[in-house]
Amino acid sequence: MARWLGTRGRAAAPYGLGLIAVLLIPALLNVIPGIAPGYVLYLVSLALIYAIVAIGLGILIGHTGQFSLGHAGFFAIGAYASALLTLRLGLPFVVALLVAGSVSAAIGFLLGLPALRLSGPYLAVATLGFGLAVPQLVIWQGSWTGGASGLHGLPLASLPLGAFTIVFRTDQDYYYLAAAVLIVLTIFARNVVTGHTGRAFVAIRDSEIAARAMGVDLVRYKTTAFALSALYAGIAGSLYAHLLHGISPEDFTVLLSIDFLTMIVLGGLGSVGGALSGALLLTFLQNALTRLPVVHDFKNLYIVVLGVILILTIAFFPQGLAGIARSARLRWATRTVDRPAGAGQIVELGERSGVR
Amino acid sequence: MTGPLLEITDLTIRFGGLVAVDGLDLRVNAGEIVGLIGPNGAGKTTVFNCISRFYQPDRGTIRFKGRDITSSRSHEIIRFGIARTFQNVELCRSMTALENLLVGQHVAMRGGVIRDGLRLPGVGADEARATQRADEMLELLGLTRDRDRVVSTLPFGLQKLVELGRALVSDPALLLLDEPTAGADKQEIQGLADLIRRMRDRFDLSVLVVEHDMSFVMGLCDRLSVLDFGRRIAEGAPADVRNDPAVIEAYLGEPEVEVTEV
């Protein structure tokens, strides 16, 4: 079967399965008794939106090796840009979404410039400062941003298609919207990281000296990585604002930046699929934790769990979920081939995970 | 082309109070293999890092194909036709041998994040062409078996070969080799000299090689330039340089001892 599909088929298989899952999830939720499909779909949509941020952040941290602890800031910029454009200027949702992404990308580019001179912990601190500053600036400019109470009553998202206009009303509609955007951005990210640009990113991460000697313009590629990951966060922010129909500065705390970081570490740095699964898992975990009775006395249980997940992942599964999946696949492949892989081969495949 | 391929005039660079390179003149003509030799700490690698534009010289000019590259940026150098290797190997360690050779063709490919992300027409053909070229180079260097191995898992000798391939695949006019014999045994060193000569003939290269292994450069180079404490103390054909008293003294501290015993 695998041979019949060929390598092309095997490469496309995860996309096909993903697409089928996306289409089937709402139907499945309707037949499972005892749950509220609308609420679960809302939660899934939220996870998909976070996954968009995680994929962008994964390109920056996992592939390019540039740290950011401030991606909640880009997420906030996208959300506020989109909310302000639709609410105050009455622009259509699609326009707001694209402008929100572009504004965030432009600010990402600008933040990438000082980042050229910073690395490691210094860059982490600088981006942390950025993430901290954005919600404060929103509160300070309260007269048009809504201040601490935020912006509410955003119009329904809609998508004009020729003579028709699709209006996203229900949780299921939003779910399809988030899934569609995520699919497009996932394919785009995969194409970038497996191509010429992605190789330049990884070259920078592996050795800046080698990258420069091979003609990789560090200024261009580092700012590109920042802008690209900010674009993803900005688009996700726009979707978030419209999913919730309202936003406030407290949606965008530093804790959210840590969430994003945990998603990609848990999923596996340098893997688009890892970022996706990390985001899904963490969002549902967070929600499940709020249902535990203990949360009544211990509101910040989630933060502790987050810390434990980070430590355990880094200590025991530094390649994250993607690494676990890879070694499982390897074990499966060697079983079907009926020829045990040499130890060297396993090391090789384990090491390779760093690339994408 | 008239004039030398690479022409360095009065190159001077200081680090704090230390003058690492002091008024160096050096040229490499088309087709030549030139050795830049000298004891440890003589400033040889510093000269390379000036040519690669990792260091900014305090004085002097570097011209390549008649063009002043003294204020060019480091990533532009390979585009002009200068590729290099590093003393301690600077590979993209998480990548396979093939991927490293694709990075070596970075400037030959069109690129662009939107073009890549949308797989615009031409991207697939570019990748296929670069992959074919990389495969040819891997075969030439006997690395086909290691094509898909992550380079950090390769033995040091093979890593050096991959690095050489990555430099060659960019189709340079001038190849800068920083201590190619480091970590190699006597037999490998002989093979390396043959390989470098073969590559020079096949790819129409000029080579500037930094070394401290005298016997290696004696057999390989058309011309030698000897550095000591950042100054050029001798230049000429290997046979003449070998007997130069200043060179013997720099290497061994006393003129009586035969240099060939190093």
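## The interface between the chains

How much area do chain B and chain A bury between them? In this predicted model, the two chains bury about 3,100 Å² between them, and 59% of that area lies on carbon and sulfur atoms. Chain B brings 37 residues to the contact, and chain A brings 35 residues.

Salt bridges are part of the picture too: the count between chain B and chain A is 2.

## The open sheet of chain B

Let us turn to the sheet in chain B. Here 6 strands form an open sheet with mixed pairing, and their order is β6-β7-β8-β3-β9-β10. At the edges are β6 (82–84) and β10 (231–236) of chain B, each of which pairs on one side only. On average, and with direction ignored, neighbouring strands of this sheet are turned by 20° against each other.

Strand β3 (residues 33–37) and strand β8 (residues 206–211) of chain B take the parallel sense, with 5 bridges between them.

Helix α1 (residues 44–51) of chain B lies across β3, β6, β7 (174–178), β8 and β9 (223–228) of chain B. Its direction makes an angle of about 140° with β8(B).

Helix α6 (residues 156–168) of chain B lies across β6 and β7 of chain B. Relative to β7(B), helix α6 of chain B runs at about 160°.

Helix α3 of chain A covers residues 71–87, which makes 17 residues. From its first C-alpha to its last it reaches 24 Å, close to the 24 Å expected at 1.5 Å a residue. This helix is mostly covered, with 16 of its 17 residues buried.

F130(A) sits in helix α5 (residues 120–140) of chain A. Its relative accessible area is 14%, so F130(A) is buried, the cut-off being under 20%. Setting aside neighbours within four places in sequence, F130(A) is in contact with G70(A), G73(A), F74(A), I77(A), I107(A) and L111(A). The C-alpha atoms of F130(A) and A72(A) are separated by 9.2 Å, although these residues are 58 residues apart along the chain.

## A buried threonine in chain B

Chain B has its own helix α5 (residues 123–140), and T131(B) lies in it. Is T131(B) buried or exposed? T131(B) counts as buried because its relative accessibility is 19%, which falls under the 20% cut-off. Apart from neighbours within four places in sequence, T131(B) is in contact with L98(B), L102(B) and R147(B).

## Two residues with positive phi

Finally, here are two loop residues with backbone angles to check. H245(A) is a residue other than glycine with a positive phi, near 60°. H245(A) lies in the loop between α10 (218–244) and β4 (246–247) of chain A. With a relative accessible area of 26%, H245(A) is partly exposed.

In chain B, E179(B) is a residue other than glycine with a positive phi near 50°. The loop that holds E179(B) runs between β7 and α7 (186–203) of chain B. E179(B) counts as buried, at 5% relative accessibility.

Conventions:
Residues are numbered from 1 along each chain as its sequence is written. Chains are lettered from A and ligands numbered from 1 in the order in which they are written. This is a predicted model: local features need pLDDT of at least 70, side-chain atom pairs count only at pLDDT 80 or more; totals for chains, interfaces and linings use all residues. Side-chain values use heavy atoms; hydrogens and water are left out. Helices (H or I, at least four residues) and strands (E, at least two) are DSSP runs, numbered from the N terminus. Buried means under 20% relative accessible area, exposed over 50%, partly exposed in between (1.4 Å probe, protein chains only). Contact means heavy atoms within 4.5 Å. The expected span of a helix is 1.5 Å times one less than its number of residues. Two strands pair if DSSP finds at least two bridges between them. Axes are lines fitted to C-alpha atoms, for helices over the stretch in contact, and angles run from 0 to 180 degrees between N-to-C directions. Buried area is the accessible area (1.4 Å probe) that two parts lose on being put together, summed over both. A salt bridge is a side-chain nitrogen of Lys or Arg within 4 Å of a carboxyl oxygen of Asp or Glu.
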